[in-house]
Amino acid sequence: MLYPESRLSDTTRVEAFSDGVMAIAITLLVLEIRIPETDDGSLWHELTGLWPSYLAYAGSFLTIGVIWLCHHRFFGRVRQMDGLLHCGNLLLLLAVAFLPFPTTVLAHHLEDGGWNARVATAFYGVVGAVQAAAWFVMWIALRRNPDLFEPGYDADYARRESLQAVIGFAGFDLIAAIGLVLPAAALLLYLAAVLGYGFLSTRSRVFARA
């Protein structure tokens, strides 16, 4: 017996849910920055000593901010959701909701130096690779079913964007590997990659299709 296909859903609930998850995750980041405990007038020293927490917070805040901007623009081009697109979006939210944990690990071990700092930096980069993998799944869903797009976009457009996600995945994996050797350089590359991905993903439609 043949059954009718399930109805495709619009993007309203997905966007609202995703915004909520990102808002919670970006708020949780600041909770890692502990209040200095000092009674001998060395508050300035204690505050400046928290630089790993500041750096980790800034990197993760920037990451979630760029994801939110890309997510907003992505769903400006999508009118309906299917199962694969839902799965890709959930994978992206999984990475976003998880981000406060590697941020905490990085903040706690970056100043230590040595192997722990390297592992913490590599771990942070791997989470970036998971984010890129989620975008790849989302673009693959649109390549398979371009009818999910708003008018004016097609499977070729989704293919080009999915290649960008593949490059991002490979790039973040490479950054994670570099982190096992040069943590400081890996963090700089991570921030540059996030900013670059945000720029490329939020550029104008005319530039994107040129």
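**Group meeting talk: an all-helix pattern and its core**

Read along the sequence, this protein follows the pattern α-α-α-α-α-α-α-α-α, that is, nine helices and zero strands, where helices (H or I, at least four residues) and strands (E, at least two) are DSSP runs numbered from the N terminus. Please keep in mind that this is a predicted model, in which local features need pLDDT of at least 70 and side-chain atom pairs count only at pLDDT 80 or more, while totals for chains, interfaces and linings use all residues. Residues are numbered from 1 along each chain as its sequence is written, and side-chain values use heavy atoms, with hydrogens and water left out.

Let me start with the overall picture. The C-alpha trace spans about 75 × 40 × 30 Å along its principal axes, and the accessible surface, computed by the Shrake-Rupley method with a 1.4 Å probe and with only the protein chains shown counting as cover for residues, comes to about 11,400 Å², of which 67% belongs to carbon and sulfur atoms. Of the 210 residues, 40% count as buried, where buried means under 20% relative accessible area, exposed over 50%, and partly exposed in between (1.4 Å probe, protein chains only). If we take contacts, meaning heavy atoms within 4.5 Å, with a separation of 6 or more, then residues 24 or more positions apart account for 78% of them.

Now to the inside. A nonpolar core is a set of buried Ala, Val, Leu, Ile, Met, Phe, Trp, Tyr and Cys residues joined through side-chain atoms within 4.5 Å, and in the largest one, which has 47 residues, F74, L85, W135, W139 and L142 touch the most other members. Several elements give two or more residues to this core, including helix 1 (12–28), helix 3 (51–75) and helix 8 (183–202), and the largest share, 11 residues, comes from helix 6. For L85, leaving aside its neighbours within four places in sequence, the contacts are F74, V78, Q80, M138, A141, L142 and L148.

Next come the aromatic rings. Rings of Phe, Tyr and Trp (its six-membered ring) pair if their centres lie within 6.5 Å, and planes under 30 degrees apart count as stacked, over 60 as edge-to-face and the rest as tilted. A search of the whole structure finds 14 such pairs. In one of them, the rings of Y124 and Y190 have their centres 4.8 Å apart and their planes at 50°, so the pair is tilted. Because Y124 lies in helix 6 and Y190 in helix 8, the pair ties together parts that are 66 residues apart in sequence. The C-alpha atoms of Y124 and Y190 are separated by 9.1 Å, and both residues are buried, Y124 with a relative accessible area of 2%. Elsewhere, ring pairs link F74, F75, W135, W139, F149, Y153 and Y157 into a cluster.

L43, L47, W51, Y54 and L55 make a nonpolar surface patch of about 420 Å²; patches are made of residues with over 30% relative accessible area and no salt bridge, with like charges joined within 9 Å and nonpolar side chains (Val, Leu, Ile, Met, Phe, Trp, Tyr) within 5 Å. A salt bridge here is a side-chain nitrogen of Lys or Arg within 4 Å of a carboxyl oxygen of Asp or Glu. Helix 2 (43–48) and helix 3 each supply at least two residues of the patch, and helix 3 gives the most, with three residues.
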